Amino acid sequence: PTPPPAAPSTEMLEHWRRATLSVGQVVTDGLKQKYVTVGSAVIIATDEHHGCLLTAKYVFFDPDHGYVPITARVRPPTNKSSTDPDYGVVLPLIVDGMNVWRSLPDDSDIAVAPLPDLSRYSDIHGVSMKDFGTTDDVFQGAPLIVLGYPAIAGEDRLIYPIARSGMIAWVDPNDK
């Protein structure tokens, strides 16, 4: 029998974690402002100096739930807690009445947006297209890792993305 695929190395996982951003909003709770996570995005490096954000469409636009923001905030992971609040960097979503983010047709839940200036942060990573699997890597039983900032963990703990491993449970045999 074929042995199961090896777990990803710690260095590879750290690279993906450093490329995973929290996307959120700043809200007022009583008299205090706080950052609230809406979802996650991954920095896709198109080359050494350029990139974009890849996320689920609902992170930028979810009219069924009344969420149609004109800006979002993004912040990279940090290994240290701080008493200073980090509200992230502003990510414009609508400029002059036009979306700056893009998505595929209505049935797609993938969206991309221009990468904001993250220069105030250190150790930012970007995932290149070669880091993604190909169609040959997508099959029933294939291992995968999901990184993100799940709200179920609670905002106080969302300073570093959580990694969960799993496997692809099903692939549509009709490729739909």
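Here is a short chat about a predicted model and some of its residues.

Visitor: Hi! What kind of model is this?
Guide: Welcome! This is a predicted model.

Visitor: Let's start with Q25. Where is Q25 placed?
Guide: Q25 sits in strand β1, which covers residues 20-29.

Visitor: Is Q25 buried or exposed?
Guide: Q25 is buried, because its relative accessible area is 19% and the cut-off for buried is under 20%.

Visitor: Which side chain does Q25 have a polar contact with?
Guide: That would be Y67, and the polar contact between the two side chains is 3.1 Å.

Visitor: And which residues is Q25 in contact with, leaving aside neighbours within four places in sequence?
Guide: Y67 turns up again, together with K34, Y35, V36, V38, P69, T71 and A72.

Visitor: New topic: the largest nonpolar core. How many residues are in it?
Guide: The largest nonpolar core has 18 residues, and those touching the most other members are V23, L53, F60, V74, L91 and L118. At least two residues of this core come from each of β1, β2 (32-47), β3 (50-56), β4 (71-75), β5 (89-92) and β9.

Visitor: What does F60 contact, apart from its neighbours within four places in sequence?
Guide: F60 is in contact with several residues, including V23, Y67, L91 and W101. There is also another core, lying apart from the largest one, with nine residues that include V42, I44, L147 and A163.

Visitor: Switching to charges, how many salt bridges are there?
Guide: The structure has four salt bridges. One of them joins D123 and R18, with the closest N and O atoms 3.3 Å apart. The two partners are 105 residues apart, with D123 in the loop between β9 and β10 and R18 in helix α1 (residues 10-18).

Visitor: Is R18 buried or exposed?
Guide: R18 is buried, with a relative accessible area of 7%, whereas D123 is partly exposed at 47%.

Visitor: Which residue does K34 meet in a salt bridge?
Guide: K34 meets D29, at 3.6 Å from N to O. K34 is partly exposed at 37% relative accessibility, and D29 is partly exposed with a relative accessible area of 48%.

Visitor: Last one: where is M129 found?
Guide: M129 is in the loop between β9 (110-114) and β10 (143-148). M129 is exposed, because its relative accessible area is 59% and exposed means over 50%. From M129 to D47 is 82 residues in sequence and 9.7 Å in space, C-alpha to C-alpha.

Note on methods:
Residues are numbered from 1 along each chain as its sequence is written. This is a predicted model: local features need pLDDT of at least 70, side-chain atom pairs count only at pLDDT 80 or more; totals for chains, interfaces and linings use all residues. Side-chain values use heavy atoms; hydrogens and water are left out. Helices (H or I, at least four residues) and strands (E, at least two) are DSSP runs, numbered from the N terminus. Buried means under 20% relative accessible area, exposed over 50%, partly exposed in between (1.4 Å probe, protein chains only). A polar contact is a pair of N or O atoms within 3.5 Å; within protein, one must be able to donate a hydrogen and the other to accept it, and residues adjacent in sequence count only if both atoms are side-chain atoms. Contact means heavy atoms within 4.5 Å. A nonpolar core is a set of buried Ala, Val, Leu, Ile, Met, Phe, Trp, Tyr and Cys residues joined through side-chain atoms within 4.5 Å. A salt bridge is a side-chain nitrogen of Lys or Arg within 4 Å of a carboxyl oxygen of Asp or Glu.
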